Amino acid sequence: MSLLTATIKRNPFKSLSKSVFKPVPTRAMHIQSIPMWEGTGNNYAYLVTDDKSKDAVIIDPANPPEVLPVLREKTDSGAIKLSKIINTHHHHDHAGGNVEILKHFKLPIIGGKDCDKVTETPPHKSTFTIGENIKVTALHTPCHTQDSICYFFEDGNDRVVFTGDTLFIGGCGRFFEGNAAEMNKALNEVLAALPNDTKVYPGHEYTKGNVRFAKKVLNNDAIKRLDEYSQANKETQGKFTIGDEKEHNVFMRVNDPDIHALVGKDQPVEVMKTLREMKDRS
Ligand SMILES: [Zn+2]
């Protein structure tokens, strides 16, 4: 008897578990990032597909020359059935591609009230589905713009949130149309209430700059880990969760005594306001 057969006879289940009883993969929505204006705006569009029905949505396809070839190839090959454009807010580098995309695909546009050609603005906490499995909840998060909406996607145990310019990995958007109280509510009430394992997909790759600022404010282990990750990886979207943001994002740590000591304030809205002013000057 060879050594190999002896091993198999002694450990039949060990051998079988490797070859036959592979764990059934959990169902998962498919997310394709499409980087746009790399090196300048560093935006992301996202193509999200319900694997079973092939129903798909495109989020913030702002630069059609970079997005249309992907959509063309996938629709022509039958890999996806594109059903919607979704916008996180009206800024040109998010909703500015709508008119051009509509020339090639006849689609409804779900987005905030000021988005180009918007057909429907979903109310706060309203839901819709993509294909058979993906449930989307619209979360109004006014501040960066008054029409900012984050979209929470759930497919079984897989949860993600598309945050536009409201929440970035390790940072937040500028308060162009809102104030610190609104951003505090958006980040620390609305988004913080999502399950901690929700993965974050922001509208831009801004992580390196955000970490540079975070390190001036706080130097906890989570910020050190984010620093290392962002130095080693060009893309950080979908790699961190709402739970991680609560640890490494200083704008989600407005109750941290070490930050209070630095900014000389302890009320969350005041802390948010001061942090944003410091970041804008940095
Ligand atoms: Zn914006």
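The largest nonpolar core of this predicted model contains 64 residues; such a core is a set of buried Ala, Val, Leu, Ile, Met, Phe, Trp, Tyr and Cys residues joined through C-beta atoms within 7 Å. Ala45, Tyr46, Val48, Ile58, Tyr151 and Val161 have the most contacts inside it. A residue counts as buried if 20 or more other C-beta atoms lie within 10 Å of its own, as exposed if 12 or fewer do, and as partly exposed in between, with C-beta atoms placed from the backbone.

The model is predicted: local features need pLDDT of at least 70, side-chain atom pairs count only at pLDDT 80 or more, and totals for chains, interfaces and linings use all residues. Residues are numbered from 1 along each chain as its sequence is written.

Leaving aside residues up to four places away in sequence, Val48 touches Met29, Ile31, Ala56, Val57, Ile59, Ile130 and Phe153; contact requires C-beta atoms, placed from the backbone, within 7 Å.

Helix α7 spans residues 207-217, and its buried residues are Thr207, Asn210, Val211, Ala214 and Val217. These residues lie on the same side of α7 because they cover an arc of only 115° around the axis, the arc being that of the directions from the helix axis to the C-beta atoms. Helices (H or I, at least four residues) and strands (E, at least two) are DSSP runs, numbered from the N terminus. The buried residues of α7 pack against β10, β11, α8, α9, α10 and α11.

Lys279 is located in helix α11. Lys279 is partly exposed, because 19 other C-beta atoms lie within 10 Å. Lys279 and Gly171 are 108 residues apart in sequence, with a C-alpha to C-alpha distance of 9.4 Å.

Definitions and conventions
Contact = placed C-beta atoms within 7 Å.
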